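I open these notebook entries for a reader new to the structure. The entries follow the order in which I looked things up.

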Amino acid sequence: MKHGYQKVWNRNFYYFRKTWLVTAFWTILEPLMYLGAFGYGVGSFINNVDGIAYVDFFFPGLLCTTALLVSYFESTYTNYTKLTHQKLYSSWLLTPLGPKDIIVGEILWGATKGFIGSLGVLIISTIFGLVKTWLFIPALVVVFILAFIFACVGMIFTSYAKNYDSFIFSSSGILIPMTLISGTYFPIDSLYIVLKIVAYAFPLAHAVDIVRGFMTGQAKVIYLFQILYLILFAGILLRFAIFRLKKKLIS
Amino acid sequence: MGASTVVHIKNMVKKYGDFSAIDNISLEIAKGECFGILGPNGAGKSTLMRVMYGSSQITSGEVFILGLNVKQYMSEIKSRVGVVPQEDGLDTDLSVIENLLIYGSFYNLDKKTISDRADFLLRLIKMEDRTDRAVETLSGGLKRRLAIARGLINEPDILFLDEPTTGLDPQARQWIWDFFKSLKQQKSTLILTTHYMEEAEYLCDRVAIVDHGKILALGKPSDMIREMIGYEVIEFDCSAKDLNYYVEKVKSQNFDYQVYHQTIHVFLKEHQLAKEVIQHFSSDRVVIRRPSLNDVFLRLSGVQLRDHQ
């Protein structure tokens with residue numbers, strides 16, 4: 001017998017299979033445009049960053065931000081629509097599915113979709129020779145954890161949102177600044193010390209560190225601690241997301 | 001409680017903060033009944049329903065559905081009842097048939113059972129030629145039909161319907177009424193809320209008239225009307241200054257009556273004749289009509305049901 005959260009995940013996967021083309025357009029094609037513009041375009045003016053070509057420096061960051069943004073948007077706009085306009089969660093609660101099944105299923109799905117986006121970018125990028133090591137496999141695991149974290153973040157924002165505009169504060173106020181300072185476009189070391197500390201308080205900087213390390217063929221011991229930090233982050237956010245959404249779903 | 005009791009509510013209270021949405025209600029509903037909960041908006045109808053189908057927790061009292069305590073067996077109850085919510089809540093990302101299949105997958109049923117059941121239900125609601133239509137493109141009436149089919153996907157022991165015909169055009173409403181009649185013939189247990197008195201009278205074996213979280217009256221619609229109102233109602237409009245004069249007339253003849261704004265309602269019992277009343281009134285402002293549940297509601301609450309809408 002399937003768990004409730006699997007049934008919720010299945011519903012979303014079913015819908016994804018129906019609409020994969022349009023989804024692929026923004027989840028995969030858009031990041032690839034960034035890869036062209038920044039990785040190769042801007043990169044052609046830069047000799048190297050920390051001893052590697054700019055595009056090789058940029059690409060791992062792109063894998064992370066793709067996963068993060070896709071899962072975040074899925075958990076905010078899509079799930080807020082399900083919660084309010086479509087009233088899907090109230091319908092689902094009329095079945096044996098409980099609030100926790102729905103919340104966990106939705107978060108797992110958000111993480112999956114972010115992962116799929118990132119995976120798509122990675123697969124296409126092999127054509128450009130950007131995937132050079134089998135360490136891309138552990139890198140993808142980290143990408144999934146990161147996507148999971150931001151699926152939780154999205155769900156938490158959804159629980160506070162009053163309308164669609166509410167998400168502008170979280171995307172422009174938190175998410176975008178974070179993606180800019182987390183070592184995605186330029187090395188974190190070039191930041192002022194205060195910003196550097198801020199950057200490492202958030203999960204993205206760690207994920208970028210690890211994914212970049214793996215993609216350039218390094219496996220450092222410190223990655224283990226950074227991964228543990230990410231898992232801890234994920235655990236706390238998951239609990240908080242469940243706590244917040246449960247209040248919304250039960251009367 | 002008897003063996004055929006499917007809903008057993010005892011001294012149930014449901015509070016939201018200090019506000020009592022349900023104020024000490026007791027109620028039993030038998031298997032195979034079509035039971036109506038009638039009342040104005042905000043009376044507590046929907047809350048009462050939500051408690052029964054396991055979507056709202058009670059503050060105190062006892063509620064047993066299909067012999068199961070709602071405090072412990074929410075999930076088991078949900079797997080054995082069907083619900084058609086007021087706002088349909090259909091999955092607009094999916095087609096007609098997908099709505100049934102995906103919703104069915106949330107129950108612990110195997111794929112084959114769900115798909116057979118979905119085909120059967122689409123034939124039953126006469127939508128078998130619209131299986132692949134996007135839900136968004138359906139009319140209100142068809143959406144409601146689909147929501148009803150969805151509520152039946154798990155072959156429920158009780159089907160709950162929250163205002164099943166609200167917002168539908170007369171044709172769509174008639175279709176749904178006929179459909180319920182056929183469900184009733186198959187001895188299905190239906191529990192519905194409505195603020196249409198004619199709907200309750202037409203469909204329901206028994207009704208509970210609810211206002212301010214209390215049951216004001218409970219019974220067969222025809223019995224209620226007969227006992228509380230009578231056989232005919234005479235309505236007479238008059239000016240405020242003449243009201244007392246006419247009321248005195250009616251009173252002196254021992255007629256049962258009620259004054260509502262500037263209208264006198266006279267309730268004729270068996271063997272009372274309309275002409276004995278009418279002779280006292282100037283005839284152009286007199287209406288004689290059959291009594292309805294609305295009169296019962298007016299009698300019990302002092303306001304008309306339609307005033308709330």
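This is a predicted model: local features need pLDDT of at least 70, side-chain atom pairs count only at pLDDT 80 or more; totals for chains, interfaces and linings use all residues.

**Entry 1: terms and ground rules**

I take contact to mean heavy atoms within 4.5 Å. Residues are numbered from 1 along each chain as its sequence is written, chains are lettered from A and ligands numbered from 1 in the order in which they are written, and side-chain values use heavy atoms, with hydrogens and water left out.

I looked up K45(B) and found it in helix α1 of chain B. Helices (H or I, at least four residues) and strands (E, at least two) are DSSP runs, numbered from the N terminus. Is K45(B) buried or exposed? K45(B) counts as buried, at 3% relative accessibility. I use buried for under 20% relative accessible area, exposed for over 50%, and partly exposed for values in between (1.4 Å probe, protein chains only).

Which residues does K45(B) contact, leaving aside its neighbours within four places in sequence? I list I37(B), L38(B), G39(B), P40(B), E163(B), T193(B), T194(B) and H195(B).

One of these, E163(B), forms a salt bridge with K45(B), at 3.5 Å from N to O. A salt bridge is here a side-chain nitrogen of Lys or Arg within 4 Å of a carboxyl oxygen of Asp or Glu. E163(B) lies in the loop between β7 (158–162) and α6 of chain B, and K45(B) in helix α1 (residues 45–52), so the pair ties together parts that are 118 residues apart in sequence. E163(B) is buried too, with a relative accessible area of 5%.

**Entry 2: where chain A meets chain B**

I next looked up the contact between the two chains. It takes 19 residues from chain A and 28 residues from chain B. The area buried between them is about 2200 Å², and carbon and sulfur atoms give 54% of that area. Buried area is the accessible area (1.4 Å probe) that two parts lose on being put together, summed over both.

On the side of chain A that touches chain B, the elements giving two or more residues are α1 (4–18) and α4 (88–92) of chain A. α1(A) gives the most, with six residues.

**Entry 3: salt bridges**

A search of the whole structure returned 20 salt bridges over all chains. K18(A) lies in helix α1 of chain A and E98(B) in helix α3 (residues 96–105) of chain B, so this pair joins two chains. The closest N and O atoms of K18(A) and E98(B) are 2.8 Å apart. K18(A) counts as partly exposed at 40% relative accessibility, whereas E98(B) counts as buried at 10%.

The count between chain A and chain B is three salt bridges. I also recorded a network of salt bridges that links R11(A), D91(B) and D93(B).

Within chain A, the side chains of D189(A) and K196(A) meet in a salt bridge, at 3.1 Å from N to O. D189(A) is exposed at 59% relative accessibility, and K196(A) is partly exposed at 24%.

**Entry 4: helix α5 of chain A**

I checked the span of helix α5 (residues 99–125) of chain A. At 1.5 Å a residue, its 27 residues should span 39 Å, and its end C-alpha atoms are 39 Å apart, which agrees. The expected span is 1.5 Å times one less than the number of residues. α5(A) is mostly covered, as 19 of its 27 residues are buried.

**Entry 5: positive phi values**

Most residues other than glycine have a negative phi. K187(B) has a positive phi, near 65 degrees, and is found in the loop between α6 (170–185) and β8 (189–194) of chain B. K187(B) is exposed, with a relative accessible area of 64%. H271(B) also has a positive phi, near 70 degrees, and is found in the loop between β13 (263–268) and α10 (274–278) of chain B. I record H271(B) as exposed, at 74% relative accessibility.
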